Amino acid sequence: MKILKIQGGNKLNGKVRIGGAKNSAVALIPAAILCDEVVKFSNVPDISDMDALSDIIKYLNGSYKRKEDDMVYIASSQMQNKEIPEKLTSRLRASYYFMGALLGKFKKAEVCMPGGCTIGSRPIDLHLKGFEKLGAKISYRGDTLVIQADELIGTNIYLDFASVGATINIMLAAVKAKGMTIIENAAKEPEIVNVANFLNLMGAKVYGAGTNIIRINGVDELKSCYCEVIPDRIEAATYIMIGAVLSDDLTVENVIPEHIHALVQKLIEMGVDIQVDEDKVHVTNKNKLKPINVRTLVYPGFPTDMQQIIATLMTQAEGQSTIEETIFENRFLNLYELIKMGAKIKIDGRKAYIDGKTKLYANNITASDLRAAAGLLFAALIAEGETVINNTDYILRGYEKVVEKLEKLGAKLQLIEI
Ligand code: UD1
């Protein structure tokens, strides 16, 4: 296990460059195995989720090579279709994309249940219903899901909820199916558009990604291509919010402003001094912060992944802010740790009431998931004294070079293996 020791209270100034989006990259890498030729990606984040995916690709006898820091090459011509064991799938939620990708490639996938952050029950029933509608039969062998089809045939699939994972997984299974698949009530997140664009670069025919109806016209073959991973909007949001409290002058670079529109609107409402340019955001702590109400929604609403981070920002606003979490039922564990640091918070089911402005004090705290870890790191950077965050491995799953990036801005922190 790794812990972080953070000496809080330092000003953070300068420039920080955002890496590739975790939630795109974790789908793009499994999607690449649909093609037998070499596929090249740039702007791939250097995070531990990528190591977990690389281990799965290598286990299946494919090749995963990282070069020049952010370039990754995937080769799948020698790939074998084997059961992916729990010790590999449990390392990340997105291991579920091998279900759609192997099904699309070999018409058969044997994959143990995925791992990931403990933020709710996180079922995958919508993924499986989609595979079944395409003609697959699903059975269980112990903990292994066996998904198999004689033939995958395009069809209409209505999602009861606009699930990110189900939308992408069904796209992966459908790109080589016979005929037209239509996903209705599809999720619209930017990462879905990144994956659809990648599939099209390989020769797939995917239309409408980014809207709630996606049409996929099946093709027989996919070819080699080069694709860039979009910048990570959650990493960008994290640094912007940190800057709103701790910076006289922070520039967050490599940002697509449209992808963080909901956050920027909320920060303007709080009175944050923020300036959004074409591909960067400038932020300072010049103004007093006003309280706000946030309700998490599917894109383009306020993202649940930013909720645990804005909770920390709310402790620094003058008055009562509220959060309503509508996507996941168990995404407030970070708040109990914030309370230990001096925050005044009441939790009532899926609603939280945060009273500010409170001084935050260093403590020994524990991260329960990736974004909780980010929100707590933010609190530790504000707090007086030395905070220890246990279970820091979570943050390394989604924030590349987080210690180096923060140190460069002036933070004092140390990652320690215990
Ligand atoms: C993805 C993101 C995660 C983000 C979430 C919502 C990845 C790897 N992770 O997670 O960071 O927080 O989107 O933006 O991209 N649901 C079902 N049945 C299903 C699938 C989902 O009931 O088959 C429910 C979930 O329990 C949850 C909601 O739908 O309440 C949203 O889940 P979903 O959009 O699928 O999130 P993930 O793909 O797991």
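Reader: Does K105 count as buried or exposed, and at what relative accessibility?

Author: Buried means under 20% relative accessible area, exposed over 50%, and partly exposed in between (1.4 Å probe, protein chains only). K105 has 15% relative accessibility, so K105 counts as buried. This is a predicted model, in which local features need pLDDT of at least 70 and side-chain atom pairs count only at pLDDT 80 or more, while totals for chains, interfaces and linings use all residues. Residues are numbered from 1 along each chain as its sequence is written, and side-chain values use heavy atoms, with hydrogens and water left out.

Reader: Which residues does K105 touch, not counting those up to four places away in sequence?

Author: Contact means heavy atoms within 4.5 Å. By that rule K105 touches I33, L34, C35, D36, S76 and M79.

Reader: In which helix is K105 found, and how many residues of that helix are buried?

Author: Helices (H or I, at least four residues) and strands (E, at least two) are DSSP runs, numbered from the N terminus. K105 is found in α4. This helix spans residues 97–106, and nine of its ten residues are buried. The buried residues of α4 pack against α1 (22–32), α2 (48–59), β6 (108–112), α5 (125–133), β8 (144–148) and α6 (164–174). Just after α4, K107 takes a positive phi of about 65 degrees.

Reader: Which residues come nearest to the ligand?

Author: A residue is near a molecule or strand if one of its heavy atoms lies within 4 Å of it. There are 19 residues around the ligand, and Y96, D125, S163, D305 and I327 come nearest. The largest share of the shell, three residues, comes from α5.

Reader: Which backbone atoms lie by the oxygen atoms of the ligand?

Author: A polar backbone atom of L126 is 2.7 Å from a ligand oxygen atom, and for a polar backbone atom of G165 the distance to a ligand oxygen atom is 2.9 Å. Accessible areas come from the Shrake-Rupley method with a 1.4 Å probe; for residues, only the protein chains shown count as cover. On its own the ligand has 730 Å² of accessible area, of which the protein covers 88%.

Reader: With which side chain does R295 make a polar contact?

Author: A polar contact is a pair of N or O atoms within 3.5 Å; within protein, one must be able to donate a hydrogen and the other to accept it, and residues adjacent in sequence count only if both atoms are side-chain atoms. The side chain of R295 makes such a contact with the side chain of E324, at 3.1 Å. R295 counts as partly exposed because its relative accessibility is 45%.
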